[in-house]
Amino acid sequence: MATEPTAAAAGACVNDAGGAIGMPQLCVEWMPNQIFWLVVALAVIYFVLSRIALPRIGSVLAERKGTITNDLTAAEELKAKAVEAEKAYQDALARARAEAARIVAEARADIQKDLAVATAKADAEIAAKAAESEGRIAEIRAGALEAVTEVAKDTAKELVAALGGKADARSVTAAVTARLKG
Amino acid sequence: MRARNVAEEAHSEGGLVFHPMDQFIVKPLFGDGPVEWYTPTNVTLWLGLAVLCTVALFVLGTRGRAIIPTRVQSIAELAYGFIYKMVEDIAGPEGARYFPKIFTLFVFIIMTNYLALIPMSFSPTSHIAATAVLGFGVFIAVTALGFIKNGTHFLGLFWMSEAPLVLRPIIAIIEVISYFVRPVSHSIRLAGNIMAGHTVIKVFAAFAGIAALSPVSVLAIVAIYGLEVLVAFIQAYVFTILTCVYLRDALHPGH
C-alpha cells in the first residue's frame, strides 16, 4: 500500500500521493514487468513439476496401486487356503466319526459274543445244578417213603401189640404194604 | 477517474480512507525507480512465493515417497489425481500427454489466488496482463495443436455438418467469432473475479473508519473473504477445465 507520497514513482499510473489512477490493471508501463516475471514463474513451476514432482507422485500412486493389488491377491489366496483347510478339517472330522462308529459297533459285537458265551455257560451250569438237585430231591423223597413204610409197620405192630393181639410180623407187614399201595 | 476523486476527497477530509485499487499497484521492491521489465517488483515477490509454495507442497511434501502418505503428500496426491482425472475425462486418453502443462496452470493459479488472500499481499492473477498471457497462451497452443494434429480437418470445428446447409455459413461465422472470443473471456473471467473480490473487501474495509458502521463492515469483510476463498479455488478450477475443453476440441474437432 503506497500511501506515502513518492514523487519518483508517480507517473501515468500513480498520482503524487502514491494512489492509483484508474485501474492499475490497465497500466501499460507495468505490463512488460508482469509478463516477464509471470513467464519466469511458470517456467520454474513447469520445470519443477514435470521433472521432479509429477513423476514422483505418479510412481508413488502406481506403486500403491500395485501394493494394493498384490495384497488383495494374497488375501484372496489366503482365503482359498482357509476354505481348503476347513474342508480338510470337515473331512477328517467325518472320517473320525465313521471310524468311531465302526469301533463302537465292533466293540458291541464283541461284547455280545462274550455275553452269549457267558450266558450259555451259566445256563449249562444252572442246568447241571438243577439236575443234581433234582436227583437229591428224588433220593430224599425215596428215603422218606421207606421211612414212612418202616414207621407204619412198626406203629401197626405196636398198635396190634397194645390192643392185646398177637400178630406175627409177616402178616402185619403184608397188610401195611397192601394198604400203602392202595 | 471517479476513484481518484473519491480518494482525494477522503484525503482532504481526513476521515474515510478510500483506496480500493491501490492494492493492485506494481512497485519496485528496492528503491523507487521506474518499473522496467526486469525490475524485481511486488509481482516478483508474490510469484516467487507461489513458486516456493509449489516446491514445498509438491517436492518437499512428497519427499518421503510413502506408500501410506503423510498429510502434505496426500494433498499433493489429491491435486494430482483431481487434475489427472479431469484431463482424462474431458480431453480423452491422448490428452493425458498434456497433463503436466495443464497441472502447471492449475497449480500456478490456485497458489497465486490463495497467496493473494493474505492481508497486504499482491494478487498477480488480478492483473489482465498476467491472465491474458495464460489465456492467449492456451489459445495459441491449442489452435496450433489442432492444426498440427488434424490439418485442415480442424476447420470442421466451425462447419456444423448436422445443421441445414443454408444455416451452415451463418453458424460458421458465429462459431469463428466465439472461438476467437474464448481467450478473452478465459482471461478476463479470472482477472475480473479476483480483482472484484479484492476491491469489494477493500471498499468494506474503508467503511470500518466510521465507528457506527464498523461492525457491519467487519462482518461483511468476513463474509466476502469466505466467498473469496471459494472463488480462489473455483476460478482455478474453471480455468483448468476450460483449458481441457479447448484441448479436447483441438484433439477431436469432429464433434
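Is Cys53(B) buried, partly exposed or exposed? Cys53(B) counts as partly exposed, at 30% relative accessibility. The cut-offs are these: buried means under 20% relative accessible area, exposed means over 50%, and partly exposed lies in between, with a 1.4 Å probe and protein chains only. Cys244(B) falls in another class: Cys244(B) is buried, with a relative accessible area of 0%.

Some ground rules come next. This is a predicted model, in which local features need pLDDT of at least 70 and side-chain atom pairs count only at pLDDT 80 or more, while totals for chains, interfaces and linings use all residues. Residues are numbered from 1 along each chain as its sequence is written, chains are lettered from A and ligands numbered from 1 in the order in which they are written, and side-chain values use heavy atoms, with hydrogens and water left out.

Take chain B on its own. Chain B has seven helices and zero strands. Helices (H or I, at least four residues) and strands (E, at least two) are DSSP runs, numbered from the N terminus. From that end, the order in chain B reads α-α-α-α-α-α-α. The C-alpha trace of chain B spans about 65 × 55 × 40 Å along its principal axes. Chain B holds 255 residues, and 46% of them count as buried. Contact means heavy atoms within 4.5 Å. Among contacts in chain B between residues at least 6 apart in sequence, 67% join residues at least 24 apart.

Now bring the two chains together. On the chain A side, 44 residues are in contact with 52 residues of chain B. How much area do chain A and chain B bury between them? The value is about 4,600 Å², with 74% of it on carbon and sulfur atoms. Buried area is the accessible area (1.4 Å probe) that two parts lose on being put together, summed over both. The size of an interface is often given in this way, as the accessible area lost when the parts come together.

Polar links also cross between the chains. The count between chain A and chain B is 13 residue pairs in polar contact, both residues at pLDDT 80 or more. A polar contact is a pair of N or O atoms within 3.5 Å; within protein, one must be able to donate a hydrogen and the other to accept it, and residues adjacent in sequence count only if both atoms are side-chain atoms. One salt bridge is counted between chain A and chain B. The term means a side-chain nitrogen of Lys or Arg within 4 Å of a carboxyl oxygen of Asp or Glu. Arg64(A) and Glu77(B) form this bridge, with the closest N and O atoms 2.8 Å apart. By class, the side of chain A that touches chain B has 28 nonpolar, twelve polar and four charged residues. Here Ala, Val, Leu, Ile, Met, Phe, Trp, Tyr, Cys and Pro count as nonpolar, Asp, Glu, Lys and Arg as charged, and the others, Gly among them, as polar.

Over all chains, the structure has six salt bridges. One of them lies within chain A. Arg102(A) pairs with Glu99(A), the closest N and O atoms being 3.2 Å apart. Why are Arg102(A) and Glu99(A) separated by about one helical turn? They are three residues apart in helix α1 of chain A, so about one turn separates them. Arg102(A) is partly exposed at 42%, and Glu99(A) is partly exposed at 38%.

Asp249(B) bonds with Arg182(B), at 2.5 Å between the closest N and O atoms. This pair links distant parts of the chain: Asp249(B) sits in helix α7 (residues 214–251), Arg182(B) in helix α6 (residues 168–207), 67 residues apart. Asp249(B) is buried at 8%, and Arg182(B) is buried at 17%. Asp249(B) also forms a salt bridge with Arg248(B), where the closest N and O atoms are 3.9 Å apart. Arg248(B) is partly exposed, at 29%. Salt bridges that share partners also join Glu99(A), Arg102(A) and Glu106(A) into one network.

The last stop is the disulfide, a pair of cysteine sulfur atoms within 2.5 Å. The whole structure contains one. Cys13(A) and Cys27(A) form it, with their sulfur atoms 1.8 Å apart. The torsion about their S-S bond is about 75°, so the disulfide is right-handed. Both cysteines lie in the segment before α1 (31–162) of chain A, 14 residues apart. Cys13(A) is buried at 9%, and Cys27(A) is buried at 3%.
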